[in-house]
Amino acid sequence: MANTGLIRENQLSLHQQRQRAAFWFLAPMLVALFCVAAWPLLRTVWFSFTDTSLNDLYGGKWIGFDNYLRVQTLSNGAVRYKGTLVDPNWWNAVWNTVRFSVVSVLFETILGLIVALVLNAEFKGRGLVRAAILIPWAIPTIVSAKMWAWMLNDQYGIINDMALRLGLITEKMAWTANTDTAMYAVLMVDVWKTTPFMALLCLAGLQMVPRDIYEAAKIDGIHPVKVFFKITLPLIRPALMVAVIFRMLDALRVFDLIYVLTPNSAATKTMSVISRENLIDFDKFAYGSAQSTLLFVILAVFVGLYIWLGKVDLSGESGK
Amino acid sequence: MARAVTTQRKLVYTIAAWSVALLIFFPVLWTILTSFKTETSAVANPPELLSADWTLENYAEVWGRTDYPRFFLNSVIISVGSTLLGLLIAIPAAWSMAFVPSNKTKDLLMWMLSTKMMPAAAVLIPMYLIFQRTGLFDTRTGLVLALMLMNLPVIIWMLYTYFKEIPGEILEAARMDGASLRDEVLYILTPMAIPGIASTMLLNIILAWNEAFWTITLTTTKAAPLSAFIASFSAPQGLFYAKLSAASTMAIAPILILGWFSQKQLVRGLTFGAVK
């Protein structure tokens, strides 16, 4: 009797000891997260309410919401609105970003699933094919954007040459410079770069689906299309949802691809590009900070809605 | 009969898979091919393939004009260093989250995800200010720290999902046998999670290797890695495509070789452990 009491006491202290250890184990991470996630964010939000300039980063004065929206009443009684919230360039960038993100992630997910289904089948040289497919993802965007700029070149580019030979176009085109095609060019390169990544995520999901489920479905004579929608898709859905949210966040912040491939094109300028422009290239540091803050708010709202509507469980508990 | 059908189907899949792979791989192949052509041959119209003038001159020139070994060394130190330092912080943290769960775990994950909601340019200035003040600007130490901080959320997220797959009973049993906390993490958990840790490590080395925005802005010359090397070749838009291709090939070759030998771990790592 006394013995069990002793053990219980020991366990209790062990439990407490673990709780304490857990806290100390988390501490370095919390400090690091504060440095990377909290401090820059707070600083940027603060900058967005000041008139700080890049030349005088410590000398900004508090000006309230003026960077977002400022109502001016002119001497003749007319009312003028200024600030990011009424800036057509900003809303153009928002529209470009949303368009780019929705289309690219949609294509990447669907194509990724198709490629994964092909790769999941048995064929010769699977390892080699998988390695070849992984490569676009493993290459720095700065390199692949240049590679594509070169291939899409209006004079020497191989894409124009091939499209011309196949009869898809009648004359050589400046894909990245032309405002009508710039967005397509960016989308194409992004889909090329990221589809393999999505495919591998889907593939890993597919390989976790037990083979006997397919066998059973086969014996019951269920059509393969129905098997895919009723069995495969629901089973890989949790993995797919997490993959899509990570992809979507990257797409909504897309920067380097557009910066290298279509510099200064209003047709492809995204929120990240325009805010960087104001932050660093133009002398509108506080204004750019306001745009960065808005970008953060938009993304946070999106993630919240996505998790809520899609019933995504980030900690993956529901999978168990 | 059934066997013939299976073989036929296998052939169809093989052709389909290889076509997809070739299509995806083509731009890289084209860049590598261009890097071995003379500048005139590279811009020939229509593009030349078999009739091209092949040469190694581009590589010789890129090698001669720049200090490739230094860029390479910086890249290795920065990507490996930041990953190891990240693991040192992430393993205990992930242990806490996975085995001593609390109602804060979800908030923590959400907080980590929020690092992907800020445009890099906005994080840049606060970081830049810190770097200038502490003298970390253009040092390897500074970049190791910066990239560790950038990638830490991903490292922890991955490790957390791996650790959760390990049954807690095993750790409990070790504890019953008198293992201390240190023994538990060091000798029981870590060896069991080696595949997961290896995938996490690989993925993060690649992420750090490819990182361009931070490495270019926070360095000038001393600590500049290969991403800065490739960016320095962007200026001539004219007839330097073969040299640009050679420089690109040199920048991506190490990562291609690493990825090639470890694609199995990578594929597993890429799932973020999200799939069970």
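Trainee: Which are the buried residues of α10(A)?

Mentor: Before that, a word on the ground rules: this is a predicted model, in which local features need pLDDT of at least 70 and side-chain atom pairs count only at pLDDT 80 or more, while totals for chains, interfaces and linings use all residues. Residues are numbered from 1 along each chain as its sequence is written, chains are lettered from A and ligands numbered from 1 in the order in which they are written, and side-chain values use heavy atoms, with hydrogens and water left out. Burial is then read from relative accessible area, where buried means under 20%, exposed over 50%, and partly exposed in between (1.4 Å probe, protein chains only). In this structure, the buried residues of α10(A) are Met271(A), Ser272(A), Val273(A), Ile274(A), Ser275(A), Arg276(A), Glu277(A), Asn278(A) and Leu279(A). Helix α10 of chain A runs over residues 271–281, and nine of its 11 residues are buried. A helix here is a DSSP run of H or I with at least four residues, a strand is a run of E with at least two, and both are numbered from the N terminus.

Trainee: What do the buried residues of α10(A) pack against?

Mentor: Packing is read through contacts, meaning heavy atoms within 4.5 Å. Within chain A, the buried residues of α10(A) pack against α2 (88–120), α8 (224–252), α9 (256–261) and α11 (285–309), and from chain B they meet α6 (120–134) and α11 (213–217).

Trainee: With which residue does Glu277(A) meet in a salt bridge?

Mentor: In general, side chains of opposite charge can pair when their charged atoms come close. The rule applied here asks for a side-chain nitrogen of Lys or Arg within 4 Å of a carboxyl oxygen of Asp or Glu. The partner of Glu277(A) is Lys269(A), at 3.1 Å from N to O; Glu277(A) counts as buried at 10% relative accessibility, and Lys269(A) is likewise buried, at 17%.

Trainee: How many salt bridges does the rule find across the interface of chain A and chain B?

Mentor: The rule finds one, and it joins the side chains of Asp250(A) and Lys116(B) at 2.8 Å, N to O. Helix α1 of chain A (residues 2–48) gives the most to the side of chain A that touches chain B, namely 23 residues. That side divides into 69 nonpolar, 13 polar and 15 charged residues, where Ala, Val, Leu, Ile, Met, Phe, Trp, Tyr, Cys and Pro count as nonpolar, Asp, Glu, Lys and Arg as charged, and the others, Gly among them, as polar.

Trainee: What is the area buried between chain A and chain B?

Mentor: Buried area is the accessible area (1.4 Å probe) that two parts lose on being put together, summed over both. Here the value is about 8,800 Å², with carbon and sulfur atoms giving 78% of it, and the contact takes 97 residues from chain A and 95 residues from chain B.

Trainee: With which side chain does the side chain of Thr232(A) make a polar contact?

Mentor: A polar contact is a pair of N or O atoms within 3.5 Å; within protein, one must be able to donate a hydrogen and the other to accept it, and residues adjacent in sequence count only if both atoms are side-chain atoms. Thr232(A), placed in helix α8 of chain A, makes such a contact with the side chain of Tyr214(A) at 3.3 Å. Thr232(A) counts as buried at 3% relative accessibility, and, leaving aside residues up to four places away in sequence, it touches Leu206(A), Tyr214(A) and Val227(A).

Trainee: What is the radius of gyration of chain B?

Mentor: The radius is taken over C-alpha atoms, and the globule rule to set beside it is 2.2 Å times the number of residues to the power 0.38. Chain B has 23 Å, whereas a compact globule of 276 residues would have a radius near 19 Å. The C-alpha trace of chain B spans about 75 × 75 × 30 Å along its principal axes, its secondary structure comes to 14 helices and zero strands, and 55% of its 276 residues count as buried.
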